[in-house]
Amino acid sequence: MIIKKYSCRRFAGLKDKELEFEGGLNVILGPNEAGKSTVIEGIHSVLFMKSRLMKRDSNFRDRFMPLPDGDSIDGTLIIDDNRKEYTLKKEWGESHSAEFIKPSGDVIKNEEEIEKELNSVLGFGQGTYSTLLFAKQNDIKRAIENIVRNEEETSEVSTLLRKTIMELDGVSVEKLGNRIEDEIKECLNNWDIERNTPKNGRGISNPYKREVGKILESFYNKENIKQNMDLANKAEDEFEKARVDLKFAEKEINDLKLKKESMEELEEDVTQRLVLEPKLESISKELDSLSIINEQWPQNKMRLVQLEEDINSINKLIEDLNLEKEQAKILLEKNFLNEILIKVDILIDDINLIKIEISKINPITEDDIDLLQNSYNEMVKTEAMINAGIIIGQLKYYNGESPLMIIKDLEEASPIDVDKEFRANGYIRLESKDLFQIELKTGDQDFNELRLDFEKHKRNFNGVLSKLNVSTIAEAKTNKDQLDLLNSKIKSNNDKIENFLGDYSYDELKEKIDAFGDLSFVRSIDTIESDIIKLNEKKLDKSSEKRLCDSNVSSWEKIYGDTSGLFNKVANIMFEKNRLNERLNSLKPLPEKFITSEDFRRELSEIRNKYDLKQENLKQLRENYYDCERELPDITYEELVSDYNLSIKEFNKNIDKGNKLLKIKEAFDTAREKADENSFTPLINTFSKYLEILTNGNYKSSYIEGALNIGISKADELIMPIDLLSSGTYDSVALSLRLSILEHILGDDKGFLILDDCLVDLDPERKEMAIKLINGFSLNHQVIFTTCSPDTAESLGGNIITM
């Protein structure tokens, strides 16, 4: 992981600053107080300082918050991990925030989730970054000093390196281990951290009395408060409910009383309305019915004439559609025969294609396969007879002028070398031109005859292969199987054609289809039948309407005679309606909320009944109110809620502390186990190599004597304790150790290293070697080097950033 860019609007003395870094060596150049160290602090803060500052972070506020000029600082980092770009933004102060943008563009603003995502990118914890990648040179030197002053350590260089890694924060390993154990016991005593419950299930109903850890103590406290809180909450809820119920009941009774009295003033007039309104309603309904009849009587007579004409027209259309339906049946038969013809044509085309495939394969019979197999078997048998034994020989001496040739088994003649071993399975012939010919064979076989038989069978076998145009028996069998399959497909297609045609021949079927002529103008039978159904439905609707009109006119004529009789009936009803309206208008009006007088009478009855019941219920509610008031606890629920929230925070704080302590112990034990002698051998070698380079071969790592002085030997083999080295040599040891540790933990992963000006105390020669070493390190990792010296920056090279 490397840093691509750091920017901030304000951080300590930095304002609107933006620095871009490259993957190799980057040199931040600037005079003292220019803000170089502040940039490094800003990068470290964005990575590891949470946006919400606590009381313990007062040092951070004092160092970097620009008070009184402002109450907010910020920083943004763009980091690259295996060519995947992440952006991390943080703001500290009154308006604190954090934001993490992943390569996919997803944005995370929950700081706990950000920390999880960031840890997977960083690879190491904050401690490793703070003590190795961000540490100043003096921090590394102090770690070495802590080790050499501990006289109880062993005298191995590997121990020095192990202790250097484990002592970078200035804490004794043994003291730290004992402290962790004590803290765990004090915090986790009798608490099951995995199940997050008291051990042996001893909760608040059966608590421990002794050996109660902080977590268990805060748990019991939390549960006690919760029990009291539940009781208080229940009592307060019951009292509040009793109070509200009583108050509501008193208001409800008062409202009912007022409403009852106002309605009783109208009760007599409403009773008269109950008699008159049904009569008026009945007369109004009859009058409305007569008005409708008066309007519909002439309309029905005219509609009867129109419906008769419509029904006759529909009957004619249905007759025409039935004729078209017969033609559609003929079209169905033609289409069915056409589909059969298309299927037959497809099968015929398929047969023709199969015949083309058959023509590409030489004809092969079962006899051909048998002949091939027999020839091959005879070849194998003859070869086995020839190879029935093993002959081994060696030519020790030969002085003839012509070359000595050898024929082995079925092979061709080849020259034979002196002192080179030769062997054959059953037959050897040695010969020299015009001088001699010697045959060697195992058993009494006639190998010449066997050789001739083998050649004959081989020729027969190859001849059959050539005839069949194949190279192997397997290929011949494959071709035969393919021919059988293709012929089977032809037979299957012919059977399907015969099945489709039935009693027709192909030509007879075509002639029958042509005989139907052009039926393209004929619609489908489904469409025609759909039209017939619609017309019949329409005819049914018209007929039903006609019968209704006939019935209406007949009924009206029977009751009223004609339209004049209907008019006289309407006049009489109108007179009675006016008389009833005059009587109703003389009564007090019905309140607007009631639709009818019956509604009014019903509601007045309900209110009287409800009023009597409420009076009885009010007495019971008053008694319940006083009972609940006596049951209220001395401490209120709100006070207990506050105490409970504090107890939850204390419990969670202790749980978090317990988990962290266990993680610390696990990490501590793992680090202590792994930091053995053999695991640091590569680190020792790298340390020695870098030290020799930086001191131009004048010093190298050696051993540690009883007093734990680091054995640094000079070229003259003189051993010098580390505390007697010069400042420049001490810096060389520190830089060598730091680079070797980083090379060891980073491995092949690309990482970054922050270096303050660690070249100040080096002489020119060592400075030159240190620059080469840093440049070499930057070939695989990113280096950010801060200096106030332009000469140092120029010597280092790389990406120079001027502050």
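Student: At what angle do H9 and helix H13 pack?
Tutor: In this predicted model, H9 and helix H13 (residues 506–515) pack at an angle of about 145°, and their axes lie 10 Å apart.

Student: What is the handedness of that crossing?
Tutor: The crossing in which H9 passes H13 is left-handed.

Student: And which residues make the contact?
Tutor: On H9, the contact residues are Glu-333, Lys-334, Leu-337, Asn-338, Ile-340, Leu-341, Val-344, Asp-345 and Ile-348. H13 contributes Tyr-506, Leu-509, Lys-510, Lys-512 and Ile-513.

Student: How does that contact divide by class?
Tutor: The contact of H9 with H13 has eight nonpolar, one polar and five charged residues.

Student: Turning to H12, how do its axis and that of H9 cross?
Tutor: The axes of H9 and helix H12 (residues 473–501) come within 9 Å and cross at roughly 160°. H9 is therefore roughly antiparallel to H12. H9 passes H12 in a left-handed crossing.

Student: Which residues of H12 take part in the contact?
Tutor: Among them are Leu-483, Leu-486, Ile-490, Ile-497 and Phe-500 of H12. The H9 side includes Leu-347, Ile-351, Ile-354 and Ile-358. By class, the contact of H9 with H12 has 13 nonpolar, four polar and six charged residues.

Student: What about H9 itself, how far does it span?
Tutor: Helix H9 (residues 267–359) spans only 113 Å between its end C-alpha atoms, whereas a straight helix of 93 residues would span 138 Å at 1.5 Å a residue.

Student: Where in H9 is there a kink?
Tutor: A kink of about 35° lies at Gln-296 in H9, shortly before the proline Pro-298.

Student: Another pair, then: how do the axes of H8 and H16 cross?
Tutor: Helix H8 (residues 214–264) and helix H16 (residues 597–630) have axes that come within 8 Å and cross at roughly 155°. H8 is therefore roughly antiparallel to H16. The crossing of H8 and H16 is left-handed.

Student: Which classes of residue make up that contact?
Tutor: The contact of H8 with H16 has 15 nonpolar, two polar and 15 charged residues.

Methods
Residues numbered from 1 in each chain as written. Predicted model: local features only at pLDDT ≥ 70, side-chain atom pairs only at ≥ 80, totals over all residues. Heavy atoms only, no water. Axes fitted to C-alpha atoms, helices over the stretch in contact; angles between N-to-C directions. Helix = DSSP H or I, 4+ residues; strand = E, 2+ residues; numbered from the N terminus. Parallel < 35°, antiparallel > 145°, perpendicular 65-115°, else oblique. Left-handed = near helix turned anticlockwise from the far one by under 90°. Nonpolar A, V, L, I, M, F, W, Y, C, P; charged D, E, K, R; others polar. Expected span 1.5 Å × (residues − 1). Bend = angle between axes of the 7 residues up to and from the residue. Contact = heavy atoms within 4.5 Å.
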